[in-house]
Amino acid sequence: MPKCEPRKVLAIDFDSTLAHVVEFPDEMSCTYVNLLVHRYVRWKKKQGWTIILNTLREPDKGLPQALKFCELYEIPIDYVNANLPEEIAVWGDSRKIAATRTLDDTQIGIVGWLLRRLG
Ligand SMILES: [Mg+2]
């Protein structure tokens with residue numbers, strides 16, 4: 001019986017990575033999609049990767065709006081702040097998201113720098 005390859009996972013941050021949120025003084029906000037990240041996520045999904053939204057947002061603090069945003073821009077999210085079942089089976093329900101690659105504006109190096117410059 002052939003051994004299954006582990007799934008490839010892209011963990012993606014929301015604020016200042018997938019989306020730029022501009023806050024106005026009257027607490028209204030406007031959100032723009034980062035087209036470069038948007039295309040990268042959709043390309044990885046087409047390659048068969050699993051996409052995990054890895055965000056500080058919680059159900060009562062902006063998460064529904066982030067998920068609606070992803071739906072609006074057809075950003076394929078498989079899991080939200082959760083590891084794959086096969087990772088949980090091995091490691092338990094860890095707070096850290098196990099991923100093949102991560103995309104976050106806080107990253108060091110050229111990718112993080114670029115995301116911060118665009119934001
Ligand atoms: Mg961020």
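**Terms set against values**

Reader: What makes Asp-13 count as buried?

Author: Asp-13 has 20 C-beta neighbours inside 10 Å, so it counts as buried. The cut-offs are these: a residue is buried with 20 or more other C-beta atoms within 10 Å of its own, exposed with 12 or fewer, and partly exposed in between, the C-beta atoms being placed from the backbone. This is a predicted model, in which local features need pLDDT of at least 70, side-chain atom pairs count only at pLDDT 80 or more, and totals for chains, interfaces and linings use all residues. Residues are numbered from 1 along each chain as its sequence is written.

Reader: Where is Asp-13, and what does Asp-13 touch?

Author: Asp-13 lies in the loop between β1 and β2 (19–23). Leaving out residues up to four places away in sequence, Asp-13 touches Leu-18, Asn-54, Thr-55, Leu-103, Asp-104 and Asp-105. Touching here is contact, with C-beta atoms, placed from the backbone, within 7 Å. The C-alpha atoms of Asp-13 and Gln-107 are 11 Å apart, while 94 residues separate the two along the chain.

Reader: What makes something a helix or a strand here, and how many of each are there?

Author: Both are DSSP runs numbered from the N terminus: helices are H or I with at least four residues, strands are E with at least two. The protein chain has four helices and six strands. Their order from the N terminus is β-β-β-α-β-α-β-α-β-α.

Reader: How do you know that β1 and β4 pair?

Author: Strands pair if DSSP finds at least two bridges between them. Four bridges join β1 (residues 9–12) to β4 (residues 50–53), and the two strands run parallel. Leu-10 stands opposite Ile-51, and Ala-11 stands opposite Ile-52. β1 also pairs with β6, in the parallel sense, over three bridges; there Ala-11 stands opposite Thr-102.

Reader: Why are β5 and β6 said to stand at the edges?

Author: The open sheet has four strands in the order β5-β4-β1-β6, paired in parallel. β5 (79–80) and β6 (101–103) each have a single partner strand, so one side of each lacks a neighbour in the sheet.

Reader: What is buried on the two faces of β1?

Author: Val-9 and Ala-11 are buried on one side, Leu-10 and Ile-12 on the other, and both faces are covered. In a regular strand the side chains alternate between the two faces of the sheet.

Reader: How do you know that the span of α1 agrees with its length?

Author: The expected span is 1.5 Å times one less than the number of residues. Helix α1 (residues 35–46) has 12 residues and should therefore span 16 Å; its end C-alpha atoms are 16 Å apart, which agrees.

Reader: Which residues of α1 are buried, and what covers them?

Author: Val-37, Val-41 and Lys-44 are buried in α1. They cover an arc of only 65° around the axis, so they are on the same side of α1; the arc is taken from the directions from the helix axis to the C-beta atoms. Their cover includes β1, β4 and β6. The face turned away from the buried side carries the exposed residues Leu-35, Leu-36, Arg-39, Trp-43 and Lys-46.

Notes: Two residues are in contact if their C-beta atoms, placed from the backbone, lie within 7 Å.
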